Amino acid sequence: MNNAKPNRAKVQSNIRWLVIVLLFGIIIVIGRYAWLQLVQGSELAQRMRYQVGQDYSIQSPRGAIIDRNGRELAVSTMTKSLFVDPNHVENPEELAAELAPLIGKPEEDILEDIRVGGGFSWVKRRMEQAEYEAVRSLIREKGYATCLGFRDEAKRYYPNDVLAANVIGFVGTDDKGLDGIEQALDKYIKGEVTESFLFTDRQDRPILDSIFARHGYQGDHCKTIQLTLDSAIQFIVEQELDRAMAENSPLSISCVVMDPKTGEVLAMGSRPSYNPNRFWDYDQEIWKNRSVSFIYEPGSTFKAITAGAALQEGVVTPNQIFVDPGYVMVSGKRIQNWNGDSFGTVTFTDVIKNSLNTGFALVGLDLGADKLTEYAKKFGFGEITGIELPGEEPGILFDPDYMVDSDIATMAIGQSIAVTPLQLVTAMSAIANDGVLLKPHIVKMIKNANGTTFSETRSEEVRRSIESATDKTLVSLLEQVVSSGGGGKAKVKGYRIAGKTGTAQKIREDGIGYQEGRYIASFCGFAPVENPRLALIVMIDDPYGNFYGGQIAAPVAGRIFSQVFRYLRIEPSDTPAANEDDESPDDVGEGDAAGSSQRTTVQREIRPAPTDVPSGKVVIPDFYGRSIREAARIANEAGLRFESDGSGFAVEQSIAANTIVESGTTVKVYFAP
């Protein structure tokens, strides 16, 4: 019993010491834990982040731009951009020497990037995949992971190169739209940048759920822009602009094709143009969309507006008689016809067909400054149209309070005012649309990232310009301009087309007077007359040689009309007006030289059919309008070798139809949509 007590006391003593030791240990652990959490916590957490992962700026692709049929006009893909951490570069010269050949950048430029200092400097942005793979291999082999790294960035591609470039615009290095639709709607289509931390392995590859966080991110705000443009019609227009540039060597050409019933722009082209994939290689002046930013005196195309105003106000009737002296004096200013001659006794219909300056000057004076300006504004001149494009100009109109008689007379014939091509084709569309002016638009729809509709553009009526009955009379007069007047070269056999040609002197750069021998030729019209589907303007700035609108602008319009009719499957008219003799004289006004009576065909030459074909010879068939398969079959049956260029339907051939050639001769046929 006596031995049991000392043993119990010893055990209790041991327990007390054990408790003390444990408590002391707990205090040390708690203290150490508090030290690590409260004192060194931030530093250790940051060190841990560097060890197990990286901070990434994840960028979603920029929203696409598509045409009315869903064809891609601008798309974005994710690419790698290379950066350097100058603070961790041990041997700048060695790094620059090894990196330069892989990314195609001079060593000195890379050294400059390193000399910037700090913890971050771009070396090359938006690298090609081959460059990225090469640099990534270098980083692994040389252990450059501490000083080189990659960031994801979106790169913009324009798969059709030049097509609609002046409409679409382009994007700068920071995913910012700098022109065209890219600029105007940048807030909708700009990609998002989201900061994120990703767990990675030793080679900086995402692991665990970071893989799903990083890949497939499309953004919540970047939207898809669907334009009203039709890529096929745009191609037709630009192909014809290229041809006109080659034939007339002008400073520039602009063309706009519009649906007059909706205000939708189906095509808008300019030449010269540029490739937005390499926009930096071009002069900034070429970037401009001249259809909305170039103002000029319209010349005789504006006479359609003057005629509409005069008919509406009852100042004139189609059969009213005018005695044309060849010129009139107004406020001491001589206004004469394009050829300086008198046309004698004519009706107002003849005044329009022959675009007589004398007749329109007198009509303008009868209207007066207030009415002439009022109707110009009713047709949309003197203010921007409000289309969804940057850089639109409002044009220039007189203040009627300060107009003298000579100002009224010159305005009536399309001088002393300034318009844009878009304003003029919009006004012509109002004439085609029963006198109702619509707001033009080029954006059809904006779609959310998930495919739902964010907004959709509807036809928007601005105002009625002239009454319906007046408009029908005006349309009839403008149809005669094409069928038997100055716009004859815009004719397409079987279709009723209305329009007006124009040839205007260019204003001097200082705004005082006109440049000698410098002109702007144009044609503006619509078709088919009985149910207008298309309105278009062709404006040729400062052509070389022939400068008359009826001679060089009207044929371009005719070829565009012809091809678009076929593309849209618009049936020919069944009324007599559409099938008038194609050999009517081209009595063109406002400076358009009289054309010959020989038929002008669309993109082809037809020779008389031979009556006697020698042995061993064959006759070249007419391939126009044929598909590639049909054309190849016809050529084979005729004993000819066949070559094709393009796709769609035949629009031109290397040897004129009905030409006699040797059997086995090669004929090349050009096709377009």
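Predicted model: local features only at pLDDT ≥ 70, side-chain atom pairs only at ≥ 80, totals over all residues.
Let's begin with the overall picture. The protein chain holds 21 helices and 25 strands. Of its 673 residues, 50% count as buried. The accessible surface of the chain comes to about 31,300 Å², and carbon and sulfur atoms account for 51% of that area. If you look at contacts between residues at least 6 apart in sequence, 72% of them join residues at least 24 apart.

Now turn to helix α3, which spans residues 92-103, and to helix α5, residues 129-142. Their axes come within 9 Å and cross at roughly 160°. Angles over 145 degrees count as roughly antiparallel, and α3 and α5 are therefore roughly antiparallel to each other. Their crossing is right-handed. On the α3 side, the contact is made by Glu98, Leu99, Leu102 and Ile103, while α5 brings Glu131, Ala134, Val135, Leu138 and Lys142. Sorted by class, the residues of this contact are 6 nonpolar, 3 charged and no polar.

Helix α3 also packs against helix α4, residues 107-115. Here the axes lie 8 Å apart, at an angle of about 125°, and that makes α3 oblique to α4. The crossing of α3 and α4 is right-handed. From α3, the residues Pro92, Glu93, Leu95, Ala96, Ala97, Leu99, Ala100 and Ile103 meet Glu107, Ile110, Leu111 and Ile114 of α4. This contact has 10 nonpolar, 2 charged and no polar residues.

To tie the two contacts together, find Leu99 and Ile103 of α3: both take part in the contact with α5, and both also meet α4.

Terms used:
Residues numbered from 1 in each chain as written. Heavy atoms only, no water. Axes fitted to C-alpha atoms, helices over the stretch in contact; angles between N-to-C directions. Helix = DSSP H or I, 4+ residues; strand = E, 2+ residues; numbered from the N terminus. Parallel < 35°, antiparallel > 145°, perpendicular 65-115°, else oblique. Left-handed = near helix turned anticlockwise from the far one by under 90°. Contact = heavy atoms within 4.5 Å. Nonpolar A, V, L, I, M, F, W, Y, C, P; charged D, E, K, R; others polar. Buried < 20%, exposed > 50% of the residue type's maximum accessible area, 1.4 Å probe, protein only. Areas by Shrake-Rupley, 256 points an atom, 1.4 Å probe, with all protein chains shown as cover.
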